[in-house]
Amino acid sequence: MIVRIMGEGQVRLADSHFAELNKLDDELLAELEAGDEDGFRRTFTALLARVRELGEPLPDDVLEPSELILPAPGATLDEVRELFGDWGFIPG
């Protein structure tokens, strides 16, 4: 799966990583619903870090269709809430 982090680029992630990422996604959804700014920042930072660690960066001159788009690291709780919807970012 190709994942884009807005403002950074794209990475290729193996499907085997999505169970771990989905746990962070679920935590993030709960923190967004609760308005927990500190928890949101901590979990969102962890989610982006894991995507970067687990993913294989695509070259800057390659543009693949992204199956998943994550907000930029500096996104606010309200901005992420707007993008997140009721289901989260990670499918499944």
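User: Why is R42 called exposed?
Analyst: R42 has a relative accessible area of 54%, and exposed means over 50%, buried under 20% and partly exposed in between, with a 1.4 Å probe and protein chains only, so R42 counts as exposed. This is a predicted model, in which local features need pLDDT of at least 70 and side-chain atom pairs count only at pLDDT 80 or more, while totals for chains, interfaces and linings use all residues. Residues are numbered from 1 along each chain as its sequence is written, and side-chain values use heavy atoms, with hydrogens and water left out.

User: Why is E31 called buried?
Analyst: The relative accessible area of E31 is 10%, which falls under the 20% limit, and therefore E31 is buried.

User: What makes E31 and R42 a salt bridge?
Analyst: A salt bridge requires a side-chain nitrogen of Lys or Arg within 4 Å of a carboxyl oxygen of Asp or Glu, and the closest N and O atoms of E31 and R42 are 3.8 Å apart, so the pair meets the rule. Because E31 lies in helix α1 (residues 18–34) and R42 in helix α2 (residues 37–54), the pair ties together parts that are 11 residues apart in sequence. Helices here are DSSP runs of H or I with at least four residues, and strands are runs of E with at least two, numbered from the N terminus.

User: How do you know that R50 and E53 form a salt bridge, and where do they lie?
Analyst: Their closest N and O atoms are 2.4 Å apart, which is within the 4 Å limit, and both residues lie in helix α2, three residues apart, about one turn of the helix. R50, at 24% relative accessibility, counts as partly exposed, whereas E53, at 53%, counts as exposed.

User: What makes R81 and D78 a salt bridge, and what separates them?
Analyst: The side chains of R81 and D78 meet at 3.0 Å, N to O, and the two residues are three apart in helix α3 (residues 77–84), separated by about one helical turn. Elsewhere, salt bridges that share partners join E20, R50 and E53 into one network.

User: How do you know that the radius of gyration agrees with a compact globule?
Analyst: The radius is taken over C-alpha atoms, and the globule rule is 2.2 Å times the number of residues to the power 0.38; with 92 residues a compact globule would have a radius near 12 Å, and the chain has 13 Å, which agrees.
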